[in-house]
Amino acid sequence: MLTALIILWPALAALLVLLVKGDSARKVAFGAALVELVLGVWAWINFAPNGSTQFLLNEPWIANAGIMFKVGIDGISLLMVLLTVFLVPLIILSTAKHTYEKPSSFYALILFMQTGLLGVFTALDAFVFYFFWEVALIPIYFIAGIWGGENRVRVTFKFFIYTVFGSLFMLAAFVYLYFQTPGTHSSEEVAFYQLVLDAGTQSWLFWFLFIAFAIKMPVFPFHTWQPDTYTTAPAAGTMLLSGIMLKMGIYGALRWLLPVVPLGVSQWANVALVLAIIGIIYGAIIAIRQQDMKRLVAFSSISHVGLIAAGLFTLNHHGLQGAMIQMLSHGVNVVGMFFIIDIIQSRTGTREIAALGGITQNTPFLSVTFLVLLLATVGLPLTNGFVGEFLLLMGVYQYNAWMGAVAGLTIILGAVYMLRMFQRVMFGEKNEITQGFTDLTFNEKAVLVPLVVMVFWIGLHPNTFLSLSEPAVLKLLDVIKR
Amino acid sequence: MISIILLSIFGIVNLFVGFMKSKKVLMPVVLLFLAIALGATLLDWNQPQSYFSNMLATDNFSVGFTAVMVLSTLFILPFSRSYVVAENSNLAEYYSLLLFALVGGIMMVTYENLLILFLGIEIMSISMYIIAGSDKRNILSNEASMKYFLMGSFFTGIILFGVALLYGATGAFYLTDIAAAAANIDPATSPMLLMGLLLVLIGVTFKIGAAPFHFWTPDVYEGTPTVFTSYMSTVVKTAGIAAFYKLMSAAFGGVYEQWFPTVVAITVLTLLIGNIGAVAQTSMKRMLAYSSISHAGYLMIALTAFNDRSENALLFYSLAYAIATIAAFGVLKYVGDARGTDDYSAFNGLGKTNPLLAFVMTVAMLSLAGIPLTGGFFGKLFLFSAALEQDMVWLIIVAVLMSAVGIYYYFRVIIAMYMRDAEEARIAVDPLATFTLISLVVLTVLMGVVPGLFSNLL
């Protein structure tokens with residue numbers, strides 16, 4: 001029941017928010033998101049990390065077709081649920097300085113999207129998963145399309161068509177798998193895990209599923225929608241997309257690709273790894289050349305996700321655990337980065353790196369938090385980024401030493417583009433744009449301080465989270481290696 | 001059966017109601033008639049009976065589709081309020097024609113004898129020819145009526161020709177007798193049966209607006225007053241596809257291998273032409289016309305699959321499609337009337353001026369595009385599942401690709417409504433229509449969230 005409550009509460013709250021007029025919509029939405037955070041933490045407290053799926057809800061949905069509304073939380077889901085319930089209130093709070101047209105619709109859509117995301121992370125039936133997968137997409141399309149920047153219509157439409165196109169292949173694969181299950185057919189996760197399909201079938205099923213997840217992440221060469229969409233979307237939308245929605249792709253691959261078609265994965269893992277590693281280098285190199293801070297972070301996101309994807313396809317313990325912890329870290333860091341860019345843009349009116357400079361002189365708080373998040377993104381020891389990248393690189397190295405070496409370039413390249421950006425934006429001489437730059441307000445601190453706390457929490461004591469997902473990951477590896 | 005009698009009587013009574021001075025009572029009276037007819041229809045649920053020496057027989061299949069048609073009509077009528085306000089002198093006649101057309105439609109899903117099928121098609125079609133031209137002073141409406149009549153009567157003739165050949169081959173008009181006789185006919189030596197079937201098939205394909213006999217659809221839909229277009233694309237199409245399915249399953253299930261290639265070719269062609277044709281349109285109404293062609297293609301997937309999932313998938317999809325289409329046409333009517341054009345540009349900025357209308361249109365478009373949370377998604381899922389159970393992977397690949405194309409043109413409306421600005425005034429919508437639109441949205445979402453309620457009725 002707790003799972004159902006966690007999924008449904010944001011949707012109900014969204015309806016409530018729709019009734020609220022004007023600025024108080026944000027406050028109501030923030031309150032609802034805090035309640036959701038409490039629910040998530042409640043699930044964490046009552047969760048026993050033993051590899052089993054807990055808080056199970058299993059109700060007939062389309063009874064005659066054997067399709068159940070089955071949701072539950074295991075260690076892997078729990079981390080994603082915690083990430084979502086932690087980030088959404090911060091994202092809502094981060095919009096405080098913006099005045100949006102029709103605020104109630106804006107915040108209702110954010111909460112509604114949260115329902116979709118949480119549904120994806122807890123679904124234990126393929127059709128429930130697909131259902132929520134698309135439910136999460138509709139709100140973000142409107143958020144980016146209505147409140148976005150220039151070219152929003154074209155850019156968000158490309159994003160929508162691209163992702164729906166990919167997910168239709170996933171749906172086709174699910175329907176095919178559904179008919180392969182014995183008896184009256186079932187689309188439950190366990191039924192899919194028990195399927196024994198020949199290698200040829202698994203080979204094409206792999207691509208049907210991989211395309212959907214690869215577009216969502218995005219993995220090179222399916223990434224072309226991403227930089228434009230991230231740049232165009234309003235700050236809150238970018239944070240939702242990069243902080244949480246991107247993890248849908250990784251989570252989906254982890255839960256619905258690797259264990260479902262293990263033979264297909266073993267045939268194509270090399271290709272997937274190579275694509276992921278190309279993405280790491282490609283994203284990083286293009287990031288170095290960017291003039292727009294938001295675009296720079298968007299490309300750096302391609303690079304980081306490439307490493308997570310590479311970790312997934314190594315199919316070893318370090319790779320998968322690294323992917324889990326790096327999903328959390330990346331969510332925390334990228335949301336912080338986009339928020340700081342939003343702060344800078346709203347104070348100066350520009351995101352052009354060349355136009356900025358000398359911000360540190362007035363802003364001790366901003367400078368410190370920015371630096372912490374930036375170094376965490378680069379992967380400095382003691383920060384959360386280090387733990388994830390270390391485990392991931394170890395996983396890739398175990399799989400293939402050469403690949404590990406190439407993927408390791410991400411740390412050097414990451415330092416190059418990130419530190420260049422920091423140096424040019426924050427140091428140097430003040431100019432007329434950055435002259436009157438003020439330090440963080442209370443609201444902004446309220447967003448950034450929890451993020452910085454998480455940076456160090458994961459960085460200093462990753463076991464809090466690794467131990468949650470460990471049994472579930474080991475169990476998943478058993479299924480994959482069956 | 002009771003619904004046929006009731007609706008025929010109501011249609012005639014309604015003509016007399018039309019003699020009264022006040023037009024205002026007309027719509028409530030017709031709505032009441034339809035509600036009674038719907039109740040009477042549902043009384044037959046799980047009570048299969050046959051009438052007139054088994055010329056007509058009700059079963060859950062016929063009751064299900066009759067209910068969809070009556071419900072659709074019930075939902076469509078509230079949008080005709082502006083005709084009432086305009087003191088349209090022939091309104092009672094048009095309402096009666098709708099009721100008569102409905103009688104024809106019910107006969108088309110209740111028949112056990114080809115003559116009844118033919119009668120049903122004729123009753124429905126003749127009513128629709130007149131309805132298409134009901135906007136007498138509009139040249140497009142006249143054109144629509146003329147085109148529909150000429151082409152329609154021609155194809156009715158082809159159906160009749162086919163029925164005659166079928167009689168020649170099997171010596172029977174009854175579906176069961178034809179099925180029995182067809183089992184003993186070797187198509188290689190006696191082509192008359194298949195010739196007859198092909199001609200009937202061509203005629204019915206025309207009626208549901210499937211390619212390559214779809215050419216009338218865009219022009220007729222465009223010229224016909226919007227409320228009646230919505231009737232055409234839902235009730236008429238539902239009747240046609242249900243009659244088609246019944247004919248193929250009850251009489252020609254045994255010669256499935258013979259007609260399968262033809263039907264599958266029509267299905268693929270319809271999907272391609274409907275979806276690709278819709279992309280090129282600038283008028284919302286013409287887009288919906290092509291979209292209705294494409295949905296005829298999706299519905300025919302149930303026919304090509306032809307297994308125990310088909311009937312339920314067909315019913316679910318018909319209902320989901322009808323509800324979404326009525327909502328779309330309903331909004332289009334108000335927007336088109338207020339802004340004087342049916343183009344996409346008429347919808348610019350609707351999200352700001354009329355959030356409710358824009359929301360209804362969005363849900364309708366999402367449902368037609370087959371995006372989850374709406375009935376359209378599960379409709380497509382069930383249809384595709386039925387076909388995949390028969391391993392028709394390539395057909396589903398075509399259908400999936402065409403669904404992606406569909407998203408492109410359905411979203412153009414959504415983009416216009418929310419992402420383009422226009423200095424336009426708010427559009428006034430009367431309370432009854434507002435209520436109907438909300439009911440349609442609720443039903444669509446209900447089908448999209450708890451599909452189990454509707455998915456296994458037959």
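This tour moves through a predicted two-chain model, one selection at a time.

**Before selecting anything**

Residues are numbered from 1 along each chain as its sequence is written, and chains are lettered from A, with ligands numbered from 1, in the order in which they are written. Because the model is predicted, local features need pLDDT of at least 70 and side-chain atom pairs count only at pLDDT 80 or more, while totals for chains, interfaces and linings use all residues.

**Colour by confidence**

The predictor gives the complex an ipTM of 0.87 and a pTM of 0.91. Within chain B, helix α3 (residues 60-76) has the highest confidence, at 94, and helix α4 (residues 81-85) the lowest, at a mean of 74. Helices (H or I, at least four residues) and strands (E, at least two) are DSSP runs, numbered from the N terminus.

**The hairpin of chain A**

Select residues 54-62 and 67-73 of chain A. These are strands β1 and β2, which run antiparallel and are joined by six bridges; two strands pair if DSSP finds at least two bridges between them. Two pairs may be picked out: A:Asn58 stands opposite A:Lys70, and A:Leu57 has A:Val71 as its bridge partner. The two strands form a hairpin with four residues between them, and A:Gly66 in the turn has a positive phi of about 70°. Strand β2(A) is largely enclosed by the rest of the structure, because six of its seven residues are buried. A residue is buried if 20 or more other C-beta atoms lie within 10 Å of its own, exposed if 12 or fewer, and partly exposed in between, with C-beta atoms placed from the backbone.

**Two cis bonds in one loop**

Move to the loop between α8 (199-216) and α9 (226-232) of chain A, which holds A:Pro218. A:Pro221 is also found in the loop between α8 and α9. A cis peptide bond joins A:Met217 and A:Pro218, with omega about 0°. The bond from A:Phe220 to A:Pro221 is cis as well, with omega near 0°.

**The nonpolar core**

Select A:Ala29, A:Ile110, A:Ala136, A:Leu209, B:Ala302, B:Ala327 and B:Met365. Of the 371 residues in the largest nonpolar core, these touch the most other members. Such a core is a set of buried Ala, Val, Leu, Ile, Met, Phe, Trp, Tyr and Cys residues joined through C-beta atoms within 7 Å. Around A:Ala29, show A:Val17, A:Ile92, A:Tyr107, A:Ile110 and A:Leu111, which A:Ala29 touches, not counting residues up to four places away in sequence.

**Where the chains meet**

Display both chains: 21 residues of chain B are in contact with 24 residues of chain A. Two residues are in contact if their C-beta atoms, placed from the backbone, lie within 7 Å. On the chain B side, α17 (375-389) and α18 (393-419) each supply at least two residues. The largest share, ten residues, comes from α18(B). By class, this side has 15 nonpolar, five polar and one charged residues. Here Ala, Val, Leu, Ile, Met, Phe, Trp, Tyr, Cys and Pro count as nonpolar, Asp, Glu, Lys and Arg as charged, and the others, Gly among them, as polar.

**Helix α17 of chain B and its ends**

Select α17(B) alone. Twelve of its 15 residues are buried, among them B:Phe377, B:Phe378 and B:Lys380. What covers the buried residues includes α6 (152-180) of chain A, together with α13 (284-305), α14 (310-339), α16, α18 and α19 (431-449) of chain B.

Just after α17(B), B:Asp391 takes a positive phi of about 60°. Select B:Gln390 in the loop between α17 and α18; with 15 C-beta neighbours inside 10 Å, B:Gln390 counts as partly exposed. B:Gln390 touches B:Ala305 and B:Asn307, not counting residues up to four places away in sequence. B:Gln390 and B:Asn307 are 83 residues apart in sequence and 8.0 Å apart in space, C-alpha to C-alpha.

**A last stop**

Finish at B:Phe52, in the loop between β1 (49-51) and β2 (56-58) of chain B. B:Phe52 is not a glycine, yet has a positive phi of about 50°. The residue is exposed, with 11 other C-beta atoms within 10 Å.

Notes
pLDDT is the predictor's confidence in each residue, from 0 to 100.
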